[in-house]
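Work through each task with the structure open, then read the solution.

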Amino acid sequence: MDINNISYNTVLSHVFPGVILEMQMFLAASLFSPVDINAKAMAFVQANFSMLVSFGVLFFVVATILGFILDGIHHFIFHKFERTTFDIYKYLTTLERMEIAGSVLDDDLWYPYEAYANIWIAMMPGFILFPYWMHIHHFHYLFIIISMCVYLAVFIIMFIEAVRTIQWYKEVEREIIKAF
């Protein structure tokens, strides 16, 4: 992938889930570290404000790497539901048809599927981290339960949408094969 040509779809399907996972990693580090990482980070930023841009770039790079790792994990988990990219292209005869079919399938269906599945996987550590963090900071138990129910609902929606989108993708792929 050309770093100068990162599309919205790539950011949505790879970088955003990486950001979610990276934030959870910071949360885990702050929860289990004997040193107050949040206070040290704020002191560092205040002392070296010019380093904030460098930190932002580093955050983006790490999030991108984590996003691609999540993508590999999601392909391993969802392998039986996914497409085989070359199956459709062997039936197409012209370059124009391939470009149209590829654009419709990839942009409209494949990248949303990738986003749903990657976000679903990125949310997994939160089931352990968030209730623990809320408990340490003395949130009311009712608030913890309601928050985790909302978190669980979003988690389930991401999984359902990933499965529905890949099924829709396969249906559209079959229709395109029939049309050509």
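**Exercise 1.** Is the crossing of α1 and α6 left-handed or right-handed? Describe how the two helices pack.

Solution. The model is a predicted one.
- Handedness: α1 and α6 make a left-handed crossing.
- Geometry: the axes of α1 and α6 (residues 126–136) lie 10 Å apart, at an angle of about 45°.
- Class: angles of 65 to 115 degrees count as roughly perpendicular and those under 35 as roughly parallel, and α1 and α6 are therefore oblique to each other.
- Contact: α1 contributes Q24, L27, A28, L31 and F32, while α6 contributes G126, L129, F130, Y132, W133 and I136.
- Composition: this contact of α1 with α6 has nine nonpolar and two polar residues, and no charged ones.

**Exercise 2.** At what angle do the axes of α1 and α3 cross? Classify the pair.

Solution. 
- Geometry: the axes of α1 and α3 (residues 51–77) cross at roughly 105° and come within 7 Å.
- Class: the range 65 to 115 degrees counts as roughly perpendicular, so α1 and α3 are roughly perpendicular to each other.
- Contact: residues of α1 taking part include H14, V15, P17 and F26, and those of α3 include F55, F59, L66 and D71.
- Composition: 15 nonpolar, five polar and two charged residues make up the contact of α1 with α3.

**Exercise 3.** Where does α1 bend? Give its span as well.

Solution. 
- Bend: α1 bends by about 30° at V15, and the proline P17 follows within four residues.
- Span: the 25 residues of α1 (residues 8–32) reach 35 Å from first C-alpha to last, close to the expected 36 Å.

Methods:
Residues are numbered from 1 along each chain as its sequence is written. This is a predicted model: local features need pLDDT of at least 70, side-chain atom pairs count only at pLDDT 80 or more; totals for chains, interfaces and linings use all residues. Side-chain values use heavy atoms; hydrogens and water are left out. The expected span of a helix is 1.5 Å times one less than its number of residues. The bend at a residue is the angle between axes fitted to the seven residues ending there and the seven starting there. Axes are lines fitted to C-alpha atoms, for helices over the stretch in contact, and angles run from 0 to 180 degrees between N-to-C directions. Angles under 35 degrees count as roughly parallel, over 145 as roughly antiparallel, 65 to 115 as roughly perpendicular and the rest as oblique. Contact means heavy atoms within 4.5 Å. Ala, Val, Leu, Ile, Met, Phe, Trp, Tyr, Cys and Pro count as nonpolar, Asp, Glu, Lys and Arg as charged, and the others, Gly among them, as polar. A crossing is left-handed if the near helix is turned anticlockwise from the far one by less than a right angle, and right-handed if clockwise.
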